[in-house]
Each structure stands twice: as structure tokens, then as C-alpha cells.
Amino acid sequence: MTDPLRVLILDDDFRVGELHRAIIDEQPGFIALEPVRSIAEAREAIRSAHPDLLLADVFLPDGDGIALVQDASVDAVLISAADDAPTVRRALRSGALGYLLKPFERRALTGLLDRYSRYRNILAGDRPVRQDDTDRALAILHGSGEPVSVSRSATEQLVLAALGDGEASAAEVGERVGISRATAQRHLASLAARTVVEVRLRYGATGRPEHRYAART
């Protein structure tokens with residue numbers, strides 16, 4: 001299994017922080033770090049815990065959450081009751097991936113986490129990405145919608161059948177299906193871009209990462 005995505009919550013109201021923490025911990029593939037209540041605590045947690053995603057309020061006792069997002073090298077979403085357009089524009093200019101207005105329904109946060117997970121899956125690892133990878137990742141992240149169904153070629157169906165319930169490399173899939181590694185890699189990349197399969201990194205004895213693929217359930 002891949003490691004869960006680690007989420008750091010920054011909110012000066014501990015009740016809000018614990019509420020968001022409970023939602024995150026119930027979301028498959030995520031784990032919430034200990035919530036923090038100030039910019040200073042957030043900076044220390046980012047340095048020491050290396051979260052994958054930061055959920056930050058805008059107005060904190062010791063500073064501005066938007067400025068933190070702009071400075072911090074971490075994916076971030078701003079969560080705030082501030083509903084004025086200048087604040088939202090400033091948040092997005094800072095590099096935030098999204099902006100949630102308080103109060104919001106539980107499904108707003110779970111939906112955001114699901115989209116973020118799929119966005120990360122498409123842009124996983126250090127492989128080169130194509131323009132359609134980038135376009136699809138951004139469309140998923142921003143909830144722009146995807147085709148309800150995408151027809152699969154006979155080869156893609158064989159590739160999925162070869163994966164079964166486990167995981168495999170492109171070379172292993174190619175051997176099972178009877179196609180070259182490059183052809184298997186091309187079909188797996190296409191399936192990953194459509195979030196039909198997920199990409200996982202495994203480190204072998206040499207320490208070099210290997211891309212492994214598994215069908216999404």
C-alpha cells in the first residue's frame with residue numbers, strides 16, 4: 001500500500017481544527033497531523049513533519065495564512081470565513097490550490113480531499129508529464145468534470161486484466177499480456193491519466209524507484 005497523504009491543519013480555533021482532523025482521518029488515503037494554531041507552529045510543523053497538504057485559515061493571531069502559503073513549499077488550501085473577492089484573489093495568487101468558505105458541509109472537504117488525491121496520482125513520481133496529464137489533473141482538482149465513461153481498447157482491457165487485484169510494473173504487465181514494455185507503459189500511463197489505475201513508487205535493492213501500477217477500486 002502507498003503511504004497516506006499527510007495533512008496539516010492550521011486554525012486558531014482548536015474545536016475547528018479537531019473537527020477537520022476527524023474528517024481527514026476518516027478519509028481513505030489520508031492522515032491528519034496534530035493541528036496547529038499559529039503561523040509559528042505551522043512553520044515548525046512544515047519543517048519537521050513535511051506534510052503533503054496544508055489546510056490553513058487566513059487570519060491567525062500571529063500573522064497571515066495567505067503569506068504563509070506563499071512562502072511555504074507545500075500544497076495548500078485556504079479555509080476561511082473571509083468572503084470578500086480581494087481576499088480570495090490574493091489567496092489564489094499565493095499559489096493555493098483552492099479556497100473553502102466557512103461554514104461548509106462535510107462533503108465539501110471530503111470532495112476536495114478526493115480530488116486532491118486523484119490530482120496527486122496523475123502527477124505522481126518524477127516521470128515526464130504530457131499536456132493532457134496536466135490538463136486532466138487541473139480539471140480534476142478544480143472539479144471541472146470528466147467524461148462519464150471512456151471507451152477502452154482491447155489492449156487496455158487486457159492490461160487491466162493483467163493487473164488484477166494486485167500491482168505490477170510495466171515490464172511485468174507487458175510479459176503477462178504479450179506486448180512490449182514500452183507499449184504496456186503507454187497504456188498504463190493513459191489509464192493512470194484517466195485515474196483508472198494508480199501509480200505507486202517502490203524502491204528496490206539498488207535504491208532506485210520503480211513505478212508500480214494498481215487498478216483503482
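Biologist: What should I know about the model before I start reading it?

Modeller: This is a predicted model, in which local features need pLDDT of at least 70 and side-chain atom pairs count only at pLDDT 80 or more, while totals for chains, interfaces and linings use all residues. Residues are numbered from 1 along each chain as its sequence is written, and side-chain values use heavy atoms, with hydrogens and water left out.

Biologist: What is the average pLDDT of the chain, and where is confidence lowest and highest among its elements?

Modeller: pLDDT is the predictor's confidence in each residue, from 0 to 100. Here the chain averages 87, and 91% of the residues score at least 70. Confidence is lowest in strand S9 (residues 197-203), with a mean of 80, and highest in strand S3 (residues 53-56), with 98. Over residues 145-151 the pLDDT is below 50, and this stretch has nine contacts in the model beyond near neighbours in sequence; contact means heavy atoms within 4.5 Å. Where pLDDT is low, the predicted coordinates should not be read in detail.

Biologist: How many helices and strands are there in the chain?

Modeller: Helices (H or I, at least four residues) and strands (E, at least two) are DSSP runs, numbered from the N terminus. The chain has nine helices and ten strands, and its C-alpha atoms fill a box of roughly 60 × 40 × 30 Å, taken along the principal axes. Among contacts between residues at least 6 apart in sequence, 53% join residues at least 24 apart.

Biologist: Which residues of helix H5 are buried?

Modeller: Buried means under 20% relative accessible area, exposed over 50%, and partly exposed in between (1.4 Å probe, protein chains only). Of the 217 residues of the chain, 44% count as buried. In H5 the buried residues include Leu 109, Leu 112, Leu 113, Tyr 116 and Tyr 119. An α-helix has 3.6 residues a turn, so residues three or four places apart point the same way. Leu 112, which lies in H5, counts as buried because its relative accessibility is 9%. Leaving aside neighbours within four places in sequence, Leu 112 is in contact with Val 77 and Leu 100; Leu 100 is twelve residues from Leu 112 in sequence and 9.1 Å away in space, C-alpha to C-alpha.

Biologist: At what angle do the axes of H7 and H9 cross?

Modeller: Axes are lines fitted to C-alpha atoms, for helices over the stretch in contact, and angles run from 0 to 180 degrees between N-to-C directions. Angles under 35 degrees count as roughly parallel, over 145 as roughly antiparallel, 65 to 115 as roughly perpendicular and the rest as oblique. The axes of H7 (residues 154-163) and H9 (residues 181-193) come within 10 Å and cross at roughly 85°, so H7 is roughly perpendicular to H9. In this contact, Thr 155, Glu 156, Val 159, Leu 160 and Leu 163 of H7 meet His 187, Leu 188, Ser 190 and Leu 191 of H9.

Biologist: Which residues of helix H8 meet H9?

Modeller: Helix H8 (residues 170-177) packs with H9 at an angle of about 110°, the axes being 8 Å apart, and therefore H8 is also roughly perpendicular to H9. Ala 170, Ala 171, Val 173 and Gly 174 in H8 meet Arg 181, Ala 184, Gln 185 and Leu 188 in H9.
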